[in-house]
Amino acid sequence: MIDSVCSISCNTIQPTSLVTVDFQIKDKTFNIYFKNDESNLLSGNTEAFIACALLPSMKMGGGKISTNGKITTKFISGLSTIQDIYCVWEPSFKNIEVVGSTYQTTVSFTQKRVGAFFTGGVDSFYTFLKHQEEITDLIFVHGLDIQLEDTVLRNKTSEMIRKVANEFGKNVIEIETNIRELLNFYVDWGKLGHGPALAAIGHLLSPTLHRIYIPSSFTYKNLFPWGSHPILDPLWSSDSLEFIHDGCEATRVKKVALIAKYDIAMNSLRVCWSNPESSFNCGRCEKCIRTMINLKINNALSRCTTFTEALDIKQIVKIVAHDVGTRAFIQENLDELEKNQTDNELKKALIYVLNKPEMPYLKRFRRRIRGAVKEWIASLFQKNLQKVCL
Ligand SMILES: [Zn+2]
């Protein structure tokens with residue numbers, strides 16, 4: 001018996017519609033599933049499971065990840081650099097070694113299908129529209145940005161994505177997974193966790209897809225540790241699947257300039273994190289407001305039917321922008337307004353938000369709230385920990 005920080009058990013070999021896999025990480029067991037109701041597309045790909053287990057194992061002190069199955073030379077070489085990057089980002093992380101797998105030396109490229117992760121947001125619409133000639137499949141994953149319990153929003157989003165796909169003659173691959181239970185337990189989802197989750201889902205779709213686009217969140221000007229990242233995503237590739245991190249060349253204003261040319265995007269755009277009453281956009285949160293400003297700069301706000309609230313300066317000045325990502329998005333909007341436009345009220349509001357001092361007591365309060373929210377989210381996903389969903 002190998003003494004491992006993590007051992008992985010999965011019996012799936014042939015393509016199937018349900019993959020269940022057990023991760024034993026030190027003394028904790030996580031039962032994780034990936035489900036696709038429509039066709040037998042999912043493979044029991046060992047590289048997918050290693051992607052899921054990597055961060056928890058590195059966080060728990062490194063050592064050996066024990067699994068069986070086949071891995072490719074390119075994947076294992078990328079995994080080494082991925083670990084180097086994580087160890088710089090999180091100095092307490094320790095390296096791992098994969099044991100028990102065999103190397104697959106010959107991989108046939110019989111499939112020509114190309115996927116793109118798609119949520120209906122600005123980034124995913126931009127990447128899809130930019131590569132619409134090449135992309136054959138839109139990949140919608142339930143359980144990442146939409147909670148598993150929110151089936152109303154899931155169904156509404158699924159219907160919207162199918163409408164978009166239908167308009168362009170594309171296929172939709174819809175996957176449900178509880179992978180966040182595992183990753184949320186060990187790492188911050190935004191800063192680290194969502195990248196390996198996307199990589200894992202991609203590998204489960206290999207070899208049906210041979211290339212997958214991952215839409216970027218930030219531009220090349222604003223790069224910092226983030227789960228999906230232009231230096232990380234390509235390193236998750238294998239000998240049979242290529243990941244492309246796409247869209248870093250364009251700000252959200254530029255991305256909206258492209259998607260505003262398409263009525264289907266203006267009738268489907270979904271960006272909100274809070275989703276009150278399972279709505280696509282609340283019109284009041286920071287992400288909604290930033291997108292409404294992107295649309296306004298492109299003279300497209302009135303055409304975007306998924307925003308029903310008016311852009312309200314009183315809501316803008318309430319935005320708290322102390323993290324690097326939020327500040328970058330506000331600055332992008334401000335730069336664009338300063339270049340071409342004369343909406344002084346809007347400019348002043350954004351300058352006010354960027355210069356708003358953070359009161360020390362407010363900082364402490366916010367840190368406490370953030371910690372409590374993180375714990376709450378972790379406990380929410382933990383609730384289903386022992387459930388095997390069939
Ligand atoms: Zn919102």
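Two residues are in contact if their C-beta atoms, placed from the backbone, lie within 7 Å. Helices (H or I, at least four residues) and strands (E, at least two) are DSSP runs, numbered from the N terminus. Axes are lines fitted to C-alpha atoms, for helices over the stretch in contact, and angles run from 0 to 180 degrees between N-to-C directions.

The model is predicted: local features need pLDDT of at least 70, side-chain atom pairs count only at pLDDT 80 or more, and totals for chains, interfaces and linings use all residues. Residues are numbered from 1 along each chain as its sequence is written.

**Stop 1: the sheet**

Select the strands. Ten of them form an open sheet with mixed pairing, in the order E6-E4-E1-E2-E3-E10-E9-E8-E11-E12. Two strands pair if DSSP finds at least two bridges between them. At the edges are strand E6 (96-99) and strand E12 (242-246), each of which pairs on one side only. From one strand to the next, the twist averages 25°.

Now select residues 18-25 and 28-35. These are strands E2 and E3, which run antiparallel and are joined by eight bridges. Ile 25 has Lys 28 in E3 as its bridge partner.

**Stop 2: strand E9**

Select residues 137-142, which make up E9. All six residues of E9 are buried (a residue is buried if 20 or more other C-beta atoms lie within 10 Å of its own, exposed if 12 or fewer, and partly exposed in between; C-beta atoms are placed from the backbone). Asp 137, Ile 139 and Val 141 point one way, while Leu 138, Phe 140 and His 142 point the other way. In a regular strand the side chains alternate between the two faces of the sheet.

Gly 115 stands opposite Asp 137 of E9. Between E8 and E9 the chain crosses through H3, and this β-α-β crossover is right-handed (with the strands pointing away from the viewer, the path from the first strand over the helix to the second runs clockwise). Helix H3 (residues 122-130) lies across E8, E9, E11 and E12, and runs at about 135° to E11.

Asn 171 in E10 is the bridge partner of Asp 137. The chain goes from E9 to E10 through helix H4 (residues 151-168), in another β-α-β crossover that is right-handed.

**Stop 3: the core**

The largest nonpolar core has 96 residues (such a core is a set of buried Ala, Val, Leu, Ile, Met, Phe, Trp, Tyr and Cys residues joined through C-beta atoms within 7 Å). Its largest share, nine residues, comes from helix H1 (residues 46-59). Select Ala 200, one of the residues that touch the most other members. Neighbours within four places in sequence aside, Ala 200 is in contact with Ala 48, Ala 51, Cys 52 and Ile 179.

**Stop 4: Ser 77**

Select Ser 77 in helix H2 (residues 73-89). Is Ser 77 buried or partly exposed? Ser 77 counts as partly exposed because it has 13 C-beta neighbours inside 10 Å. Ser 77 and Trp 236 are 159 residues apart in sequence, but 9.4 Å apart in space, C-alpha to C-alpha.

**Stop 5: helix H9**

Finally, select residues 286-297, helix H9. Ten of its twelve residues are buried, so H9 is largely enclosed by the rest of the structure. Cover for its buried residues includes H3, helix H7 (252-259), helix H10 (313-316) and helix H11 (324-340). After H9 comes Asn 299, with a positive phi near 50°.

Notes
The expected span of a helix is 1.5 Å times one less than its number of residues.
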